[in-house]
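Colleague: I am new to this structure and would like to learn how to read it. Could you take me through it feature by feature?

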Protein chains: 2
Amino acid sequence: MTNSEILSNYLKNHGVKPSIQRLKIYEILRNNVTHPTADEIFNHLVKEIPTLSLATVYNTMHLFEQKELVRIINIENHQARFDWNMKPHGHFQCNVCGTIYDIEIDTNQMNINELDEYQLEESHFYFKGLCKTCLNK
Amino acid sequence: MTNSEILSNYLKNHGVKPSIQRLKIYEILRNNVTHPTADEIFNHLVKEIPTLSLATVYNTMHLFEQKELVRIINIENHQARFDWNMKPHGHFQCNVCGTIYDIEIDTNQMNINELDEYQLEESHFYFKGLCKTCLNK
DNA sequence: CTACAAAATTAGAATAATTTTAATCTATGG
DNA sequence: CCATAGATTAAAATTATTCTAATTTTGTAG
């Protein structure tokens, strides 16, 4: 099975009909950039699918989110990013180069007692500062 | 000293000249709503200061952030909120009523080894789900 | 096949939050 | 007073996202 076929099946198994647009968008998420914005995905793909519309990217992202194929992350204000990694984890964004790194976080280890009062549905952790690469410059 | 005088001095001590706009905005943050949006602050204040401009609210917020008087929180996409509480803590937003609650979080207790690689400047934690009030309905 | 319905995609307009611009106002120090 | 820097303002511009309505594609029953 090719990589495309694998991802195509993966979409099907999550209740998403794998149109060419959806498949390519998911491929970008899985194979290229890690946490792209809608615009980045669009610009990347429009070369290949010239009739692609930004609305399709947004539609697809919301569909993916609903089917639990991606998580929407809000590190910067005014720009959503999409993350295919559904395992609980956090993010670190470098204030200089803007790169976003995944950070392993074990939510259970945190045991925040106060949260017992709530019915938890989502957890988001992110950090900002300077990454190694930018520190060494 | 009146409450206004205390807050006025507080601004001065943080390097912010306490104009009436800035003082009233900070008063709202401290005394009224907990995590207001720029628009909420504007609508609250424009009754009292009819010439107030939304740009002033944004300018003031960015000044406050720079002077470490507020933190900007990005729980929802497409709408920043302002938090005067500078102690490290997290947030919980109810998916039904939208209320944002403060959550005590001890960052040190988390010891995320991976973060050693970075020079940390900000930490953000937020959760979503259902609050007690909405659960009991 | 073919026709039809449903689903998906699209372009472009609309909306919402924020930033920018340029003008006006205010406070302060000489 | 006056000059100057800083603060505020209204309005226009920008950016990200959503909406709308039309068009295209897909799947299916005849």
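**Charged pairs, a helix, a core and an interface**

Modeller: B:Arg81 and B:Glu76 are joined by a salt bridge, with 2.9 Å between the closest N and O atoms. Keep in mind that this is a predicted model.

Colleague: Is B:Arg81 buried or exposed?

Modeller: B:Arg81 counts as buried, because its relative accessibility is 11% and the cut-off for buried is under 20%.

Colleague: What is the general idea behind such pairs, and how many salt bridges are there over all chains?

Modeller: Side chains of opposite charge can pair when their charged atoms come close. Over all chains the count is six salt bridges.

Colleague: Which residue forms a salt bridge with A:Arg81?

Modeller: A:Glu40 does, and the closest N and O atoms of the two are 3.7 Å apart. A:Arg81 belongs to strand E2 (residues 81-83) of chain A and A:Glu40 to helix H3 of chain A, so the pair ties together parts 41 residues apart in sequence. A:Arg81 is buried, at a relative accessible area of 10%, whereas A:Glu40 is partly exposed, at 35%. Through shared partners, salt bridges join A:Glu40, A:Glu76 and A:Arg81 into one network.

Colleague: Where does the pair of A:Lys24 and A:Glu48 lie in the chain?

Modeller: Their side chains meet in a salt bridge of 2.9 Å, N to O. This pair links distant parts of the chain: A:Lys24 is in helix H2 (residues 20-31) of chain A, and A:Glu48 is in the loop between helix H3 (38-45) and helix H4 (54-66) of chain A, 24 residues apart. A:Glu48 counts as partly exposed, with 47% relative accessibility.

Colleague: Now the helices. Which residues of helix H1 of chain A are buried?

Modeller: In helix H1 (residues 3-13) of chain A, the buried residues are A:Leu7, A:Ser8 and A:Leu11. They lie on the same side of H1(A), because the arc they cover around the axis is only 105 degrees.

Colleague: What do the buried residues of H1(A) pack against?

Modeller: They pack against H2 and H4 of chain A. After H1(A) comes A:Gly15, which has a positive phi, near 80 degrees.

Colleague: How should I read a nonpolar core, and which residues touch the most other members of the largest one?

Modeller: In soluble globular proteins, nonpolar side chains tend to be buried together. Here the largest nonpolar core has 26 residues, and A:Phe92 and B:Phe92 touch the most other members. Two or more residues of this core come from each of these elements: strand E3 (89-94) and strand E5 (119-130) of chain A, and strand E3 (89-94) and strand E5 (119-130) of chain B.

Colleague: Last, the interface. How many residues of chain A are in contact with chain B?

Modeller: On chain A, 37 residues are in contact with 37 residues of chain B. The two chains bury about 3300 Å² between them, and 54% of it is on carbon and sulfur atoms. The residues of chain A that lose the most area to chain B are A:Tyr118, A:Tyr126 and A:Phe127, together 18% of what that side buries.

Colleague: How many salt bridges and polar contacts are there between the chains?

Modeller: Between chain A and chain B there are zero salt bridges, but 13 residue pairs are in polar contact.

Colleague: Which elements of chain A supply the side that touches chain B?

Modeller: Strand E4 (100-104), helix H5 (107-110), E5 and helix H6 (132-135) of chain A each supply at least two residues. E5(A) gives the most to that side, with 12 residues.

Conventions
Residues are numbered from 1 along each chain as its sequence is written. Chains are lettered from A and ligands numbered from 1 in the order in which they are written. This is a predicted model: local features need pLDDT of at least 70, side-chain atom pairs count only at pLDDT 80 or more; totals for chains, interfaces and linings use all residues. Side-chain values use heavy atoms; hydrogens and water are left out. A salt bridge is a side-chain nitrogen of Lys or Arg within 4 Å of a carboxyl oxygen of Asp or Glu. Helices (H or I, at least four residues) and strands (E, at least two) are DSSP runs, numbered from the N terminus. Buried means under 20% relative accessible area, exposed over 50%, partly exposed in between (1.4 Å probe, protein chains only). The arc is that of the directions from the helix axis to the C-beta atoms. Contact means heavy atoms within 4.5 Å. A nonpolar core is a set of buried Ala, Val, Leu, Ile, Met, Phe, Trp, Tyr and Cys residues joined through side-chain atoms within 4.5 Å. Buried area is the accessible area (1.4 Å probe) that two parts lose on being put together, summed over both. A polar contact is a pair of N or O atoms within 3.5 Å; within protein, one must be able to donate a hydrogen and the other to accept it, and residues adjacent in sequence count only if both atoms are side-chain atoms.
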